[in-house]
Amino acid sequence: MSPYDRKEAQVRQLLEGPHPAVPAGLAAAAAARGRRLLRRRRALRRFGWAVLWAGAAAFTVWAALRHPWATPPSHLSPPLEGW
């Protein structure tokens with residue numbers, strides 16, 4: 001008998017044998033846990049988007065006030081005036 005046939009026979013024996021009793025509240029407990037996980041995942045996703053939008057808004061306000069794209073004035077030579 002090959003190892004594949006032996007394993008198949010063991011699986012068939014497990015499937016055909018007596019099945020253990022399922023606890024009464026197992027389905028309700030699994031559904032409640034699933035709802036909690038979904039609620040937690042949804043809250044974390046909303047929090048992440050809120051942080052992302054707050055960061056984008058803060059960056060926009062900072063960029064509007066500081067103008068980081070403008071070159072800073074050079075202080076190496078005096079300004080050229082009176083020519």
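How exposed is R12, as relative accessibility? R12 counts as partly exposed, at 48% relative accessibility. Buried means under 20% relative accessible area, exposed means over 50%, and partly exposed lies in between (1.4 Å probe, protein chains only).

This is a predicted model: local features need pLDDT of at least 70, side-chain atom pairs count only at pLDDT 80 or more, and totals for chains, interfaces and linings use all residues. Residues are numbered from 1 along each chain as its sequence is written, and side-chain values use heavy atoms, with hydrogens and water left out.

**View 1. The whole chain has two helices and zero strands.** Helices (H or I, at least four residues) and strands (E, at least two) are DSSP runs, numbered from the N terminus. The radius of gyration is 34 Å, well over the 12 Å that the globule rule gives for 83 residues, so the chain is more spread out than a compact globule. That radius is taken over C-alpha atoms, and the rule is 2.2 Å times the number of residues to the power 0.38. Along the principal axes, the C-alpha atoms fill a box of roughly 105 × 40 × 10 Å. Of the 83 residues, 1% count as buried. The chain exposes about 8400 Å², and carbon and sulfur atoms supply 66% of this area. Accessible areas come from the Shrake-Rupley method with a 1.4 Å probe; for residues, only the protein chains shown count as cover.

**View 2. M1 sits in the segment before α1.** M1 is exposed, at 82% relative accessibility. M1 and L80 are 79 residues apart along the chain, and 99 Å separates their C-alpha atoms.

**View 3. E8 and R12 form a salt bridge.** Side chains of opposite charge can pair when their charged atoms come close. A salt bridge here is a side-chain nitrogen of Lys or Arg within 4 Å of a carboxyl oxygen of Asp or Glu. In this pair the closest N and O atoms are 3.0 Å apart. By this rule the count comes to one salt bridge. Both residues lie in helix α1, four residues apart, about one turn of the helix. E8 is partly exposed, with a relative accessible area of 30%.

**View 4. P18 lies in the loop between α1 (3-16) and α2.** P18 is exposed, at 80% relative accessibility. From P18 to G48 there are 30 residues in sequence and 48 Å in space, C-alpha to C-alpha.

**View 5. Arginines form a positive surface patch.** The members are R33, R35, R36, R39, R40, R41, R42, R45 and R46. Patches are made of residues with over 30% relative accessible area and no salt bridge; like charges are joined within 9 Å, and nonpolar side chains (Val, Leu, Ile, Met, Phe, Trp, Tyr) within 5 Å. R33 lies in helix α2. R33 is exposed, at 52% relative accessibility. The chain has 13 positive and 4 negative side chains, and the centres of the two sets lie 17 Å apart. Lys and Arg count as positive, Asp and Glu as negative; His and the chain ends are not counted. Each charge is placed at NZ of Lys, CZ of Arg, CG of Asp or CD of Glu.

**View 6. W49, L52 and W53 make a nonpolar surface patch.** The patch covers about 410 Å². W53 is in helix α2. W53 is exposed, with a relative accessible area of 61%.

**View 7. H67 has a positive phi.** The angle is about 50°, although H67 is not a glycine. H67 lies in the segment after α2 (26-66). H67 is partly exposed, with a relative accessible area of 40%.
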